[in-house]
Amino acid sequence: MSRLRESLIELIRRTSAEIPDDVQTAILRGLEQEKEGTIAKSALEIIERNIGLAKSKSQPICQDTGSILFYIDCPVGLNQIEFGREAREAVKEATKLGYLRQNSVDSITGKNDGTNLGPGAPSLHFHQHTSEDTSVRLVLKGGGCENVGAQFSLPNTKLDANRDLDGCRKVILEAVHQAQGRGCGPGVLGVCIGGDRASGYEFSKREFLRDLDDRNPDPKLDELEQDILKTANELGIGPMGFGGKTTLLGVKIGAANRVPASYFVSVSYMCWAFRRDGATLANDGEITGWLY
Amino acid sequence: MTHSLSSPISEEAIRELKVGDQVLISGTVFTGRDAVHKYLHDGGELPDGVNLDGGILYHCGPVVLKDDNGEWKVTAAGPTTSIREEPYQGDIMKQFGIRGVIGKGGMADKTLTACKEHGAVYLHAIGGAAQVLAECIIRVRNVYMLDEFGSPEAIWEFEVRDFPAVVTMDSHGESLHKDIFARSEDALAQRR
């Protein structure tokens, strides 16, 4: 087995079994906030116990492997065809090892061949850069939270949302309200203002690569992020939609240019079982460091 | 208040449960999700050995592996989103005598009505808590329709012990989900 494939299997194992520190810290903050004796508190206690168990047993935090999203930053010379082949083999092997559930279904026949491979699965996003370093990030995004994502076209009369940041605020909060606990909250929002229907969702997912505690360099977006986080946590939806103070753990918003005729706001919801990890790789594929 | 539940469950025991009650489930639980619901609703028959009368159906697609001795071992088993089964659940509940449905995210009016008429509850497990919940599964007794539906969609028969869940829809017409939706809608209206 190639060194690269071994490294990618380890990346998958870590991503599937170990929640990133920033997410765990946010969950612990939520746990402290919830009132003793409530079902919200008890839900977060089970979540916290689950995080510990998954890590110690090296088993999936959540059984829903979800969509397997690789983000690769690479130098110009990297052979992307070869990398893709190794990534697919790593997914197949990680599935055999139980790090991933057999989770990929042929949309026409309904067959699940148990490999997690097929058209569009896993999804690989390559980005060339001028640096000589290769890094690979992996996000496993469960289906329950993917299903509560929403895309809005502004203006939206029903929500009184115009083509401005206040309009964005209204539709994003609407998405939180519509999701209730169904996305396995407390969740994290990745939002893209602008783009087209495809790129909007794609950009919104990239926001999940950001550290939960970072601040948006754009002061307007930073203000919007903080406002939505605070307001969402005042709605009383709570963990799993059981009621309580912890509805969201974070909000990350980016922007992409749009065409004059369109103004999309794309909202992706990430569950509390926020599986994201990344590694830098040497030329032979060996892991040289972890990114989270 | 925490209640213990184990199948077969009587209608009387179910009627005692109220929204917000925490339960610990022990005994037999069968899994069933999208493919199973559609199959049963289309007139499919339960395979021999699957008895849901007074029983508990779990919306779950577990990760199950065979160990070195050829025994099934559940490595991850949290609930899946239940609302997808809304078109089918009420009818299936009544037809097969199901008293409890475990899932996540809650269900809507059709199921709530069926819970009231038939005497059943919706039990919300903690979504994503695959390891805590897998630890509550002490044995895989059997699996049905594995070839037809694949592992996540098959009917797994589990023996569980102290599996934690919350009653979020009861047999008296109450739904925590409806309640929280309405309350959060009001809170949002004040902050728009």
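**Domains and ring contacts**

In chain A, the C-alpha centres of domain 1 and domain 2 lie 26 Å apart. Domain 1 of chain A comprises 3–15 + 61–142 + 275–290, and domain 2 of chain A comprises 144–270; the bounds come from an automatic or database domain assignment. The model is predicted, so local features need pLDDT of at least 70 and side-chain atom pairs count only at pLDDT 80 or more, while totals for chains, interfaces and linings use all residues. Residues are numbered from 1 along each chain as its sequence is written, chains are lettered from A and ligands numbered from 1 in the order in which they are written, and side-chain values use heavy atoms, with hydrogens and water left out.

The contact (heavy atoms within 4.5 Å) takes 10 residues from domain 1 of chain A and 14 residues from domain 2 of chain A. The size of an interface is often given as the accessible area lost when the parts come together. Here the two domains of chain A bury about 950 Å² between them, 59% of it on carbon and sulfur atoms; this area is taken with a 1.4 Å probe and summed over both parts. On the side of domain 1 of chain A, the residues that lose the most area to domain 2 are A:Tyr71, A:Lys141 and A:Arg276, together 57% of what that side buries.

Two of these residues have further contacts. A:Lys141 forms a salt bridge with A:Glu146, with the closest N and O atoms 2.7 Å apart; the rule asks for a side-chain nitrogen of Lys or Arg within 4 Å of a carboxyl oxygen of Asp or Glu. Across this domain interface the rule finds one salt bridge. The charged end of A:Arg276 sits over the ring of A:Phe274, 4.7 Å from its centre, and A:Arg276 also lies over the face of A:Tyr292, at 4.4 Å from the ring centre. The criterion is NZ of Lys or CZ of Arg within 6 Å of the ring centre and within 35 degrees of the ring normal.

How many aromatic pairs does a search of the whole structure find? Over all chains there are five. Rings of Phe, Tyr and Trp (its six-membered ring) pair if their centres lie within 6.5 Å, with planes under 30 degrees apart counted as stacked, over 60 as edge-to-face and the rest as tilted. One of the pairs is A:Phe83 with A:Phe126, which is edge-to-face because the planes are at 85°, with centres 5.8 Å apart.
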